Amino acid sequence: MTDTTRTAPHGGIVCITGATAGFGAATARRFTADGWRIIATGRRQDRLDVLAAELGDGNCLPLCFDVRDADAVQAALGNLPEAWRAVDVLVNNAGLALGLEPAHRCSLDDWTTMVDTNIKGLLHVTRALLPGMVERRRGHVINLGSITGTYAYPGANVYGGTKAFVMQFSRGLRADLHGTGVRVTNIEPGLAESEFSVVRFGGDADRAARLYEGASALRPEDIAATIAWAVSCPAHVNVNRIEVMPTSQSFGALPVHRA
Ligand code: NDP
Ligand code: 8X3
């Protein structure tokens, strides 16, 4: 008899939030290529339609909702069609940074949006899908944290705080899921080129392009490969955290201000 606790999961259902761009879209493509079926979510229906058409009939269930809206999340993920109900992997990827201003000049609205999306949105989705995983005694929650959850830099204030939450929540999930067979991994990337900085800089694509210029930043495909590796480990292996930076990025000095 096969020992399923030591078998790598393959070819199940993966639900990816924020699949309309960046890491999420790359992860949808990677998992489809690896034989999985994708529940792809995001707020931009047109992008979801294009992605679903690309991934192929029957391979993708596009669901359009805002993760900040608890009722919309529950309506979409609490009523999945029978054939899509047994979600094996949840990739909690939808998220954003807004602004790089010091805390005393930041927009309070931006702070609220980051908390509502990166923290509350992630909680809404997790709460909708986790009970089924526990019931099936099978599943994997992949959370998108960030190096900013560990290391502070000027202007990362609330964004970094939300990612510190994601890191600690991931650990808390591990504790709560003890003995259930459900795995949890926090992925903590550094600088990666996607729409992330265009969003962060309020749509200023030139400013975002200057940030990435010559930086050999991580690509969304690198993060997709990292997620695919964590999921591909045998079921008895839980990768708790993966911190990954581009080689071009490292650590700076801790500045001392002298009067
Ligand atoms: P992108 O901006 O390219 O993609 C973000 C995705 O999140 C989009 O698909 C967007 O979809 C979705 N999203 C944002 N807000 C909401 C919302 N309220 N409801 C539903 N979906 C939402 O960014 P990345 O791919 O780079 O980032 C993905 C994750 O990785 C984020 O959590 C980010 O914080 C994290 N990360 C990014 C790093 C980077 O340098 N790029 C580094 C470390 C972590 P739509 O607009 O259609 O709703
Ligand atoms: C974002 C990572 O390095 O751009 O989560 O701040 S970095």
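**The cavity and the ligand sites**

Mentor: The largest cavity holds about 30 Å³ of space, a volume being the space filled by probe spheres set on grid points joined across faces, edges and corners. The model is predicted, so local features need pLDDT of at least 70 and side-chain atom pairs count only at pLDDT 80 or more, while totals for chains, interfaces and linings use all residues. Residues are numbered from 1 along each chain as its sequence is written, chains are lettered from A and ligands numbered from 1 in the order in which they are written, and side-chain values use heavy atoms, with hydrogens and water left out.

Trainee: What makes a space a cavity?

Mentor: On a 1 Å grid over the protein atoms alone, a cavity is a set of points where a 1.4 Å probe fits but cannot get out. A search of the whole structure finds one cavity of 30 Å³ or more.

Trainee: Which residues line the largest cavity?

Mentor: Lining residues have an atom within 4 Å of a point; among them are Thr17, Val67, Asn92, Asn93 and Leu122. Helix H4 (residues 108-136) gives the largest share of the lining, four residues; a helix is a DSSP run of H or I with at least four residues, a strand a run of E with at least two, and both are numbered from the N terminus.

Trainee: How do you know which residues surround ligand 2?

Mentor: A residue is near a molecule if one of its heavy atoms lies within 4 Å of it. The residues around ligand 2 include Ser146, Tyr153, Pro189, Phe196 and Gln249.

Trainee: Which contacts does ligand 1 make through its oxygen atoms?

Mentor: The side chain of Arg43 has an N or O atom 2.6 Å from an oxygen of ligand 1, and for the side chain of Arg44 the distance is 2.9 Å. A polar backbone atom of Asn93 is 2.8 Å from an oxygen of ligand 1. Taken alone, ligand 1 exposes 880 Å², of which the protein buries 96%.

Trainee: Why is Ser216 called exposed?

Mentor: Exposed means over 50% relative accessible area, buried under 20%, and partly exposed in between (1.4 Å probe, protein chains only). Ser216 has 60% relative accessibility, so Ser216 counts as exposed. Arg6, at 53%, is likewise exposed.

Trainee: What makes the phi of Ser216 worth noting?

Mentor: Most residues other than glycine have a negative phi. Ser216 is not a glycine, yet has a positive phi of about 45°; Ser216 sits in the loop between H7 and helix H8 (220-232). Arg137, also not a glycine, has a positive phi of about 55°.

Definitions and conventions. Polar contact = N/O pair within 3.5 Å; in protein donor to acceptor, adjacent residues only side chain to side chain. Areas by Shrake-Rupley, 256 points an atom, 1.4 Å probe, with all protein chains shown as cover. 1 Å grid on protein atoms, 1.4 Å probe; cavity = no way out; pocket = protein on both sides within 12 Å on 5 of 7 lines; lining within 4 Å.
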